[in-house]
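Dear colleague,

I am handing over a structure to you with this email, and below it I go through what was found. Please keep the structure open while you read.

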Amino acid sequence: MGRSKQQSRRDRAAAEAQQANEQMPRSFVVRLGKVPKQVKHLTQELRRVMLPLTAANLKERKNNSVRDFAAVAGPLGVSHLLVFGITDTHTTLRVAHMPRGPTLHFQMDGYTLGRDIAARSKTPYGASVEMLHPPLLVMSNMAGADAPRQVQLSAQMFQNMFPSISVESCELSKCRRVVLLHREVTQDEDGKSAEVYQLRHYAITVAHTGLARGVRKIMKGKIPDLSKFDDIA
């Protein structure tokens, strides 16, 4: 018996979905060498940013090198490698496209962990289902034909680290997070200019507008069933 047209369409859709999944960018976020405890926490934070297309529970060894991760990147379909390290003065981050580059080198001036932000917030936000879908990438002050070559390369590199989206087929229920990459040009006391990149991670929430404060509090919580009462008071 011949296969039905409906079954053929399902098989074709499954094959297209599998091909699209295989083409999605994937990453390793690792730390090399002896690093402080804060850098270990920072590595875990960046893995959460890159979820679900990264190895969340990847274990490094003290004698691991970049070549070790590059050797397994191809068979596992990993397209980008993000490596934390330290020097005598700074924490560093290298972002490499596998297997032949290019590689971006960043010197980190500072960072804030998510748990530090939660500790200072009155109402900390606990993300759970948001991590099931990749974040949206928003780049600020990165575009332009007159931008320096290294800026254009950085923009292309970060853009390729996240899956592309289609406005026509994108489901709003999957748009739960945003990664903001902002570029600034600063000058020191000697007049030397430097490019500073800021990477921020946000959660997208839905808020009711045009309502009184008391009504908003009720909307945030569990609304009681008042169908059995004659008077709301």
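To begin with the term needed for what comes next, a pocket is found on a 1 Å grid over the protein atoms alone, as an open set of points where a 1.4 Å probe fits, with protein on both sides within 12 Å along at least five of seven lines, and its lining residues are those with an atom within 4 Å of a point. Grid points are joined across faces, edges and corners, and a volume is the space filled by probe spheres set on the points. By that account, the largest pocket holds about 1600 Å³ of space. It is lined by 41 residues, and those closest to its centre are Thr112, Ile117, Leu199, Arg200 and His201.

Please bear in mind that this is a predicted model, in which local features need pLDDT of at least 70 and side-chain atom pairs count only at pLDDT 80 or more, while totals for chains, interfaces and linings use all residues. Residues are numbered from 1 along each chain as its sequence is written, and side-chain values use heavy atoms, with hydrogens and water left out.

The elements named here are DSSP runs numbered from the N terminus, with helices (H or I) of at least four residues and strands (E) of at least two. Two or more residues of the pocket lining come from each of helix 2 (37-50), strand 4 (103-108), helix 4 (114-120), strand 6 (177-187) and strand 7 (193-203), and strand 7 gives the largest share, with 9 residues. In kind, the lining divides into 23 nonpolar, 11 polar and 7 charged residues, where Ala, Val, Leu, Ile, Met, Phe, Trp, Tyr, Cys and Pro count as nonpolar, Asp, Glu, Lys and Arg as charged, and the others, Gly among them, as polar.

Next come the salt bridges, each being a side-chain nitrogen of Lys or Arg within 4 Å of a carboxyl oxygen of Asp or Glu. The structure holds 5 of them, and one joins Glu60 to Arg31, with the closest N and O atoms 3.4 Å apart. This pair links distant parts of the chain, since Glu60 is in the loop between helix 2 and helix 3 and Arg31 is in strand 1 (residues 27-31), 29 residues apart. Glu60 also meets Arg47 in a salt bridge (2.9 Å, N to O); Arg47 lies in helix 2, so this pair ties together parts that are 13 residues apart in sequence. Both Arg47 and Glu60 are buried, a word used for under 20% relative accessible area, with exposed meaning over 50% and partly exposed in between (1.4 Å probe, protein chains only).

A further salt bridge joins Glu195 and Arg183 (3.6 Å, N to O), and it links strand 7, where Glu195 lies, to strand 6, where Arg183 lies, 12 residues apart. Glu195 is partly exposed, at 30% relative accessible area, whereas Arg183 is buried, at 10%. Through shared partners, salt bridges join Arg31, Arg47 and Glu60 into one network.

Finally, some details of the backbone deserve a look. The peptide bond from Leu51 to Pro52 is cis, with omega near 0 degrees, and Pro52 is found in the loop between helix 2 and helix 3 (66-76). The bond from Gly101 to Pro102 is also cis, with omega near 10 degrees, and Pro102 lies in the loop between strand 3 (91-97) and strand 4.

With best wishes
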